[in-house]
Amino acid sequence: MGLADIHDPPLVEIEEGTKILPPNLILTTVNKVVNWSRLSSLWPMTFGLACCAIEMMTAGSSHYDLDRLGIIFRASPRQSDCLIVAGTITKKIAPVVRRVYDQMPEPRYVIAMGSCACTGGIFNTYSTVQGADLFLPVDVYIPGCPPRPEAFIEGLVKLQEKIRREQYRWSYWR
Amino acid sequence: MEPLEIAEKIKEKFPDEVVEVTSFRDQVSVIVKKHKIIKICRYLHDDANLYFDYLADLCGADHLNKKEPRFEVVYHLYSMRHRHRIRLKAQVPEDDPRIDTVTSIWAGANWHERECHDLFGIVFRGHPDLRRVLLPEDWEGYPLRKDYPVKGPEKEWSGFQEVLDKAKQFKEFGWKG
Amino acid sequence: MERISSNQPPLSEARIAAELKTREITLNMGPQHPATHGVLRLVLELDGETVVKCTPYVGYLHRGIEKLGENLTYLAALPLTDRLDYVSAMNNNIGYVNAVERLFGIEVPERAKFIRTMVAEMGRISNHLLWLGTHALDIGAITPFLYVFREREWIMDLFEELCGARLTLSYPRIGGVRNDLSQKFIDSLYEFTEKFPSRVDEYETLLTENRIWLKRTKGIGVISAEEAINLGFSGPTLRGSNVKYDVRKHAPYDAYDKVEFEVPVGFNGDVFDRYMVRIKEMRQANRIIRQCIEKLPKGPIMADAPEFTLQPKDEMMPVTHPAIEHAFYIDEKVCKGCGMCLRACPAKAIFGEKKQPHKIRQELCVACATCYATCPFKNIRIIPGGKGLSEERLKELAESPIPEEIAKAAEHLVKQFTIIRRGPRVPEGELYVATEVPKGELGFYFVSDGRGRPYRMRIRAPSYVHAMALPRLCEGGLVADIISNIGSIDIVLGECDR
């Protein structure tokens with residue numbers, strides 16, 4: 001009698017691949033859970049080089065709070081998820097940036113913030129690298145000189161969406 | 001004291017060294033030869049009526065094809081006590097780009113001279129630590145000279161070339177999407 | 001020090017010092033460090049906690065601004081100066097614009113001078129707030145950091161109301177300022193000046209009499225007045241050592257001789273005195289802004305010097321307004337075929353062989369007047385109301401003379417083109433002008449050879465000179481004092497490296 005109910009449980013599919021058995025059982029894939037946990041607690045490493053660092057600090061302060069997105073700025077590359085290159089990259093500091101990127105453990109992402117990090121900006125000179133993507137694999141580009149904190153937050157949200165769409169970046173056999 | 005009076009005083013004390021005195025918009029420049037620059041600066045620093053105790057700026061200028069000699073080292077001096085300014089320009093030729101350092105008179109000239117050496121290639125004799133300051137130590141060329149292109153020479157600096165090679169090499173180990 | 005087994009006599013300090021082998025550590029405070037304000041690298045040689053030698057390495061943000069300035073016109077090089085001391089961009093712009101105006105020989109109207117003084121002092125407050133936040137954060141007081149950003153956001157909102165940008169402004173222009181103030185801006189700014197002194201009181205309550213703050217800042221980094229002058233210090237770093245040198249009082253520019261303010265000095269020359277000088281400067285800046293709002297005169301905001309400055313666009317309306325449909329026609333009898341209009345046309349509507357008279361294809365023409373401004377022989381005719389007419393009709397109309405107002409507007413247009421593309425005709429000479437930015441004395445040295453681009457643009461940056469003095473301040477002190485010293489000299493690497 002009561003056992004007949006078990007064969008047709010009231011599962012509700014809220015989005016593709018995720019089902020909820022009310023009140024407190026969620027059925028989903030490991031991929032989704034891993035991606036969700038990564039994007040909700042993205043810990044960037046600040047590489048504030050020039051003017052964009054000021055807008056990054058402003059985005060982190062209380063007016064445009066970043067902590068509500070789960071973002072805590074870490075000073076060490078070994079403990080961070082993504083590298084935010086904010087400001088002009090010169091040839092003298094390029095080896096340092098690359099070294100910091102190499103020290104980050106997987107999974108790692110790179111955000112190029114500001115026109116100078118995207119393409120060199122207004123400084124087309126002998127000592128400026130024309131864009132971070134010459135020597136780093138950039139995931140999100142945020143243009144602007146400097147980009148407003150709202151634009152910066154939009155860039156971070158775009159990175160979060162990119163992480164949400166990833167497939168099997170956690171798996172051993174990738 | 002008026003700037004032209006200061007220029008006159010320098011001219012009386014060092015008549016052989018002063019090449020020219022020019023004036024533009026109430027600012028006077030005194031162009032001198034480079035050989036006795038320390039004596040001139042010491043006189044300007046110690047004399048009680050002039051008392052130039054503050055070196056506001058020390059820079060270089062390159063006059064390729066416009067004037068001989070090619071380089072000039074420009075000193076901007078200010079006196080706190082008397083509140084007057086003067087500009088001193090020392091001519092440095094291209095085939096012998098060396099001039100004496102004034103760090104013994106104003107300690108603040110240290111890094112200004114290093115920058116001048118870095119960007120123009122002028123050597124300061126007697127400087128405690130003459131290395132490149134703004135560009136990497138093994139950079140070749142002197143950027144602020146007029147014959148150096150803005151975008152840089154064809155050949156990349158070796159340090160950056162290493163970064164590019166390393167990036168290419170490590171790309172195969174990266175996450176491929 | 002005593003040994004536990006008491007047969008031996010206790011070891012004396014002298015014996016320890018003689019027998020214990022020690023070595024100095026070389027520690028690299030790298031370019032990437034949360035406490036260095038930007039990309040500054042310090043190589044320290046330490047004997048325990050004491051700094052024996054400190055070598056700063058700068059140049060990690062050297063972007064070649066001086067070289068770039070030689071290839072841009074005076075107007076185009078203005079946004080480069082925003083990026084020098086990016087914390088207070090307004091003051092750098094004002095320094096540059098003052099230098100260029102002295103070089104050109106332009107007289108700025110009174111209203112523009114007062115507006116510039118007002119926004120310069122807002123920039124000064126903004127800079128000192130960020131300095132306070134980061135300096136306190138480095139030393140360990142984390143609370144002021146979030147509080148100063150509250151005020152800084154207010155000032156940035158005011159800047160956005162004024163000119164549309166938050167950080168890199170380019171609001172002061174050669175000859176005046178970019179646009180006039182709205183009444184809403186003045187009211188909000190007045191409200192800011194009423195509320196700001198109480199906010200500074202809040203910061204002082206947190207820090208000035210705090211025992212920990214006093215221990216970390218009193219007696220650290222002491223430098224005497226003679227040594228500071230010899231090293232070339234300026235600004236609050238110099239005034240902390242009891243030297244009353246302020247460019248705003250010694251060589252006033254803009255409207256600083258028409259407002260009353262005091263220049264605070266410190267007495268001991270340590271980190272605490274420089275902190276107090278900057279706090280007092282914030283209050284004085286507030287006072288200056290109030291006076292500027294009260295004394296603001298009416299009048300134009302841009303100098304009347306059409307040879308050098310960009311004029312309001314209304315003067316060129318008869319030619320450039322899109323509703324008035326002009327046609328442009330090249331007089332074939334006179335055209336020499338030099339090809340300058342062909343290369344300049346953005347719509348690629350001109351065609352013709354070299355040394356043959358060129359023609360404008362009317363259906364592609366957008367009537368932007370670039371060809372008119374570029375033609376060195378002034379052979380292009382503007383035919384009012386000529387859009388859509390046939391070739392022969394245009395040829396007839398081209399013979400008749402141009403109406404007066406079109407001719408005047410066209411002249412105006414050509415002048416604007418020349419100022420923007422080639423730069424104005426500048427008198428030859430050289431000039432050094434210093435202004436007081438929040439960090440110290442910013443000097444611009446221009447050498448002009450008559451063309452529209454500077455022959456040599458030299459920027460004397462206060463942060464470069466102060467960074468040079470770091471070894472003098474840090475050697476002999478402890479490692480923790482380095483952080484206090486870097487904070488007190490207030491360097492920004494964008495300005496230091498240019």
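**Exercise 1. Describe how helix α1 and helix α5 of chain A pack in this predicted model.**

Solution. 
- Step 1: find the helices. Helix α1 of chain A covers residues 30–40, and helix α5 of chain A covers residues 149–164. Helices are DSSP runs of H or I with at least four residues, numbered from the N terminus.
- Step 2: read the geometry. The axes lie 8 Å apart, at an angle of about 165°. Axes are lines fitted to C-alpha atoms over the stretch in contact, and angles run from 0 to 180 degrees between N-to-C directions.
- Step 3: name the arrangement. α1(A) and α5(A) are therefore roughly antiparallel. Angles over 145 degrees count as roughly antiparallel, under 35 as roughly parallel, 65 to 115 as roughly perpendicular and the rest as oblique.
- Step 4: α1(A) and α5(A) cross in a right-handed way. Right-handed means that the near helix is turned clockwise from the far one by less than a right angle; anticlockwise is left-handed.
- Step 5: list the contact. A:Asn35, A:Arg38 and A:Leu39 of α1(A) meet A:Gln160, A:Ile163 and A:Arg164 of α5(A). Contact means heavy atoms within 4.5 Å.
- Step 6: sort by class. This contact of α1(A) with α5(A) holds 2 nonpolar, 2 polar and 2 charged residues. Ala, Val, Leu, Ile, Met, Phe, Trp, Tyr, Cys and Pro count as nonpolar, Asp, Glu, Lys and Arg as charged, and the others, Gly among them, as polar.

Residues are numbered from 1 along each chain as its sequence is written, and chains are lettered from A and ligands numbered from 1 in the order written. Local features need pLDDT of at least 70, side-chain atom pairs count only at pLDDT 80 or more, totals for chains, interfaces and linings use all residues, and side-chain values use heavy atoms, leaving out hydrogens and water.

**Exercise 2. Work out how α5(C) packs with α7(C) and with α6(C).**

Solution. 
- Step 1: take α7(C). Helix α5 of chain C (residues 110–139) and helix α7 of chain C (residues 183–207) have axes that come within 13 Å and cross at roughly 25°. α5(C) and α7(C) are therefore roughly parallel. Their crossing is left-handed.
- Step 2: look at the side chains. Residues of α5(C) including C:Met118, C:Ile125 and C:Leu132 meet residues of α7(C) including C:Phe185, C:Phe192 and C:Tyr203. The contact of α5(C) with α7(C) has 12 nonpolar, no polar and no charged residues.
- Step 3: turn to α6(C). Helix α6 of chain C spans residues 143–163 and packs with α5(C) at about 155°, axes 9 Å apart. That makes α5(C) roughly antiparallel to α6(C). The crossing of α5(C) with α6(C) is left-handed. The contact of α5(C) with α6(C) has 16 nonpolar, 5 polar and 2 charged residues.

**Exercise 3. Describe the interfaces of chain C with chain A and with chain B.**

Solution. 
- Step 1: take chain A. Chain C and chain A bury about 2700 Å², with 67% from carbon and sulfur atoms. Buried area is the accessible area (1.4 Å probe) that two parts lose on being put together, summed over both. C:Gln32, C:Tyr60 and C:Arg63 supply 23% of the area that chain C buries against chain A.
- Step 2: count salt bridges there. Chain C and chain A share 2 salt bridges. A salt bridge puts a side-chain nitrogen of Lys or Arg within 4 Å of a carboxyl oxygen of Asp or Glu. C:Arg166 pairs with A:Glu55 in a salt bridge, closest N and O atoms 3.2 Å apart.
- Step 3: take chain B. The contact uses 47 residues from chain C and 48 residues from chain B. Chain C and chain B bury about 3900 Å², 54% of it on carbon and sulfur atoms.
- Step 4: count again. Chain C and chain B share 7 salt bridges. B:Asp57 forms a salt bridge with C:Arg458, closest N and O atoms 2.7 Å apart.

Key. Helix = DSSP H or I, 4+ residues; strand = E, 2+ residues; numbered from the N terminus.
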